[in-house]
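Please examine the sequence and structure shown below before reading the briefing.

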Amino acid sequence: MGHRSDQPSDGLELGYARVSTTKQHLERQLDALAGAGIPEQRIYTDKKTGATVEREGLNGLLAYARPGDTIVVYTLDRLGRNLREVLNLVHELAERGIGVRSLKDPLPINTADEGMGRIAFLLLALFAEMERTFTAERAAHARAVAEAAGRSIGRPTAHPDEKIEYARLLKAEGATLGQIASKTGIPKTSLHRYLSAVRVAR
């Protein structure tokens, strides 16, 4: 895949396929890329194995691609693990003069196309921005509702307030940590934290 002697004047089409779990298979993507006329030697692949997250195939593809080339994928989401990553990569490729074309998205995308493909990509970017806005609004609304109800947002308390108060009472009566843990069911490590907080507050 390191030779470019066969590159036409208008650039090469380079295929990329990715699966994100060990149980997924590349065959459907590879068949679609082959059906689009991309030879095997110009198809790069990544398949997760165990805990590996490196994307050697994509890195090799990005190093090989030149201005005028087009990267072809089964669907646009194959280029990244989330929408932001995909959008950033497509923008970076555009700045290098490299296009991106998808084969099986509901509205196939070709960023080198000034027509519907380009509009589809711009709509995708718009939807991503809208989703970020909606997510921030939902989080702000949840905080406002919780504050109005006197609740705090965040990780729930591991032990009920009444148990903690009972532990404090037992401590004030001279009980040992072991005795308090036995009566309240709160581990000694947590008791130490709760009871130390009381002493600091006082």
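Predicted model: local features only at pLDDT ≥ 70, side-chain atom pairs only at ≥ 80, totals over all residues.

Residues are numbered from 1 along each chain as its sequence is written, and side-chain values use heavy atoms, with hydrogens and water left out.

**Sheet**
- Four strands form an open sheet in the order β2-β1-β3-β4, with parallel pairing; strands are DSSP runs of E of at least two residues, helices runs of H or I of at least four, numbered from the N terminus.
- β2 and β4 (99-102) are the edge strands, each pairing on one side only; pairing requires at least two DSSP bridges between two strands.
- β3 and β4 are joined in the parallel sense over four bridges.

**Helix α1**
- Q29, A32 and L33 are buried in α1 (residues 27-35), where buried means under 20% relative accessible area and exposed over 50%, with partly exposed in between (1.4 Å probe, protein chains only).
- The face turned away from the buried side of α1 carries the exposed residues E27, D31 and G35.
- The buried residues of α1 pack against β1 (13-19), β2 (43-47) and β3, contact being heavy atoms within 4.5 Å.

**Residue V72**
- V72 belongs to strand β3 (residues 70-73) and stands opposite R101 in β4.
- V72 counts as buried because its relative accessibility is 0%.
- Beyond neighbours within four places in sequence, V72 has contacts that include L33, I38 and R101.
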